[in-house]
Amino acid sequence: MNGTLPQVATVWEWLADVPDPEIPVLSVVDLGIVRDVAWCGDGAERELRLTITPTYSGCPATAVIEHDIRAALRAHGVERVTLAVALAPPWTTDWISAAGHAKLREYGIAPPARGRPVLCPRCTSADVGEISRFGSTPCKALYRCNSCLEPFDYFKCH
Amino acid sequence: MNEPAPAGDGALFEFVVRLGDNALVLGQRLSEWTGHGPVLEEDLALTNVALDLIGQARLWLQYAAEAEGRGRSEDDLAYFRDAHQFRNVLLVEQLNGDYARTTVRQFLFDVWHRELLKALAASRDSRISAIAQKAAREVEYHLQRSADWVIRLGDGTEESHARTQRALDELWPFTGELFRSDAVDAEMLQRGAGCEFEALRAPWHHRVLAVCTEATLVVPSDGWMQSGGKAGRHGEHFSYLLAEMQSVRRSIPGERW
């Protein structure tokens, strides 16, 4: 690309608009999938190097996420992009941002509650029960609220 | 048919292929349940556990292919090897049978898998360590679920108890192989990249005993133990599993979609 290169902070802002394909209310930044953004090389060799980490080993969304990130950067004029995958330290739900937690709740998914009770995302009751250890995606379990009687997805601790 | 000697790191390739094959073969067996689970929740659970295992298999087989350095890919390893070239332990290839058998197989494997991955997380080989740390978190959840089910079925009805005990008795001879080491394991251990398989036995047995006791099941005593999977000697059902897994890829080699 020509002219001045966008600042790394600007790239982070762009990435904050790339939704997760399975939980589109969260961005790849909210999820903690993007670990690092940096410019590498000199002159014409200058390229953007992104380090990302998969959520679950077998998550089918991983390939889509890589594609979406490249497409978003291309839309902003960044063509030379290297995506490096870092497995360690392993991704856990602790990488999900506080903003991500709030967005999940608003969307009707109970955010991961490590060491805390799971709360119904609709009525905030703690009187809930697990229906199924796995839900609509590998990262979620199925719960039911005994107060408002609504079933809901719980983003399980990982 | 003799395979040419690997151009790269032979011991590393062999060691990592075994890890990949365990995950791949059990993932394939579990996926046979897709659409046939006893209840919807279990159908989802088995499919998701299978998905985790296939994901882990990809990570291991990608690394094995790189270690080998002969230009093969993870897909080549999964789809273009024959039965005698697979290195999984015999336990994971055992038939699904009834739900008790699938559950007991999963439980015996999960306990071992968790101990193995914990040990490999300390590997001096940073790639092995990273994959092991990643997989261990997933396997922790698999184990919670399979242990729950062993207790529910073992301490359930007379029928479910009898079936679970029978599954435990029938699968027990396949657990001895989990703790055996050979020259490849010894070399990897010596490099600080592998682990001491015999050392996994005590924590494995401790957990198996605790869960089985709660499930009112009797843990069999060790007798004759089957082995050979790590050296490529598999049971008669294994070729059928491979046929189902490999037939599409082999009928249209190189096809992309």
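## Ground rules

This is a predicted model, where local features need pLDDT of at least 70 and side-chain atom pairs count only at pLDDT 80 or more, while totals for chains, interfaces and linings use all residues. Residues are numbered from 1 along each chain as its sequence is written, with chains lettered from A and ligands numbered from 1 in the order in which they are written.

## Chain A: two domains

Chain A is assigned domain 1 (8-91) and domain 2 (98-155); bounds like these come from an automatic or database domain assignment. Taken over C-alpha atoms, the domain centres are 27 Å apart. Where they touch, domain 1 of chain A puts in nine residues and domain 2 of chain A eight, with contact meaning that C-beta atoms, placed from the backbone, lie within 7 Å. On the domain 1 side that makes five nonpolar, two polar and two charged residues. For the record, nonpolar covers Ala, Val, Leu, Ile, Met, Phe, Trp, Tyr, Cys and Pro, charged covers Asp, Glu, Lys and Arg, and the others, Gly among them, are polar.

## Chain A: strands

Start with E2 (residues 47-52) and E3 (residues 81-85) of chain A, a parallel pair held by five bridges. Thr51(A) has Ala84(A) as its bridge partner in E3(A). Getting from E2(A) to E3(A), the chain passes through helix H2 (residues 61-75) of chain A in a right-handed β-α-β crossover, that is, clockwise from first strand over helix to second with the strands pointing away from the viewer.

Then there's an open four-stranded sheet in chain A, ordered E4-E7-E6-E5 with mixed pairing. E4 (109-110) and E5 (128-132) of chain A sit at the edges with a single partner strand each, so each has one side without a neighbour in the sheet. E4(A) runs parallel to E7 (residues 151-155) of chain A, joined by two bridges, and Ile109(A) bridges to Asp153(A) in E7(A).

## Chain B and the interface

Helix H1 (residues 10-31) of chain B spans 31 Å between its first and last C-alpha, close to the expected 32 Å (1.5 Å times one less than the number of residues). H1(B) is largely enclosed by the rest of the structure, because 19 of its 22 residues are buried (20 or more other C-beta atoms within 10 Å of a residue's own, with C-beta atoms placed from the backbone).

The contact between the chains takes 19 residues from chain B and 14 from chain A. On the chain B side, H2 (40-68) and H6 (126-154) each supply at least two residues, and H2(B) gives the most, with 10. That side of chain B has eight nonpolar, five polar and six charged residues.

Key:
Contact = placed C-beta atoms within 7 Å. Buried ≥ 20, exposed ≤ 12 C-beta atoms within 10 Å, placed from the backbone. Pairing = 2+ DSSP bridges.
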